[in-house]
Amino acid sequence: MAKSELDTSPKTPYICGHKPGALRKSIFFPELHPLFWGVGSIFLAMNFMLGGWLSRLPGLQTALHLGERELGTALLGLPLGALLGNYLSGHILKRLRTGQLAVWGIQLVIVFAILLTFAFNWYTLLLGLFLVGIADGATNVAMNTAADVIERTERTTLMSACHGM
């Protein structure tokens, strides 16, 4: 197993320093693994950020005087950036742990989404959405990889619960 696959310190082969299955179950939700809350919070933050930003879309369209065609074309920056972010995340994960990339990625997504409110024309909106897409793509790969690593090392299932966040 490659070092970049595990979110561990260099001194221990176990995830977060624990042997597989050694962590207590949560007292509030005993069916959920304790490490779920760390990874699940990234999923939850991503959904809150995206939902909050999408609710501002009509106001942004009005403020920038964009028609449906211009807005649709600008919105294409998000998935194009996500494609690049997905590709780059594989290279970044060779240097960073999955948890580090997920935390940095969600922070960048939030910062870039806030900067979108300062877009003053179609080009800056397209650029901002492209940057959000890059950070979003990298974060998606990192948080899904982290959930997969926890599932494999802790012999538990939590991917569906994370996606339910």
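Modeller: Please note that this is a predicted model. Trp 122 has a relative accessibility of 23%, and since buried means under 20% and exposed over 50%, Trp 122 counts as partly exposed.

Biologist: Is Tyr 123 buried or exposed?

Modeller: Tyr 123 is exposed, as its relative accessible area is 61%.

Biologist: How is a pair of aromatic rings described?

Modeller: One gives the distance of the centres and the angle of the planes. In this case, a search of the whole structure finds one aromatic pair. Its members are Trp 122 and Tyr 123, with ring centres 5.0 Å apart and planes at 85 degrees, so the pair is edge-to-face. The cut-off for that class is an angle over 60 degrees.

Biologist: In which helix is Thr 153 found, and is the residue buried or exposed?

Modeller: Helix α6, which covers residues 122-154, contains Thr 153. With a relative accessible area of 14%, Thr 153 is buried. A polar atom of the Thr 153 side chain lies 2.8 Å from the backbone oxygen of Val 149.

Biologist: How many helices and strands does the chain have?

Modeller: The chain has seven helices and zero strands. Read from the N terminus, the order is α-α-α-α-α-α-α.

Biologist: What can be said of burial and contacts over the chain as a whole?

Modeller: The chain has 165 residues, of which 37% count as buried. Among contacts with a separation of 6 or more, 72% come from residues 24 or more positions apart. The accessible surface is about 9700 Å², and carbon and sulfur atoms account for 67% of that area.

Notes: Residues numbered from 1 in each chain as written. Predicted model: local features only at pLDDT ≥ 70, side-chain atom pairs only at ≥ 80, totals over all residues. Heavy atoms only, no water. Phe/Tyr/Trp six-rings, centres within 6.5 Å; stacked < 30°, edge-to-face > 60°. Buried < 20%, exposed > 50% of the residue type's maximum accessible area, 1.4 Å probe, protein only. Helix = DSSP H or I, 4+ residues; strand = E, 2+ residues; numbered from the N terminus. Polar contact = N/O pair within 3.5 Å; in protein donor to acceptor, adjacent residues only side chain to side chain. Contact = heavy atoms within 4.5 Å. Areas by Shrake-Rupley, 256 points an atom, 1.4 Å probe, with all protein chains shown as cover.
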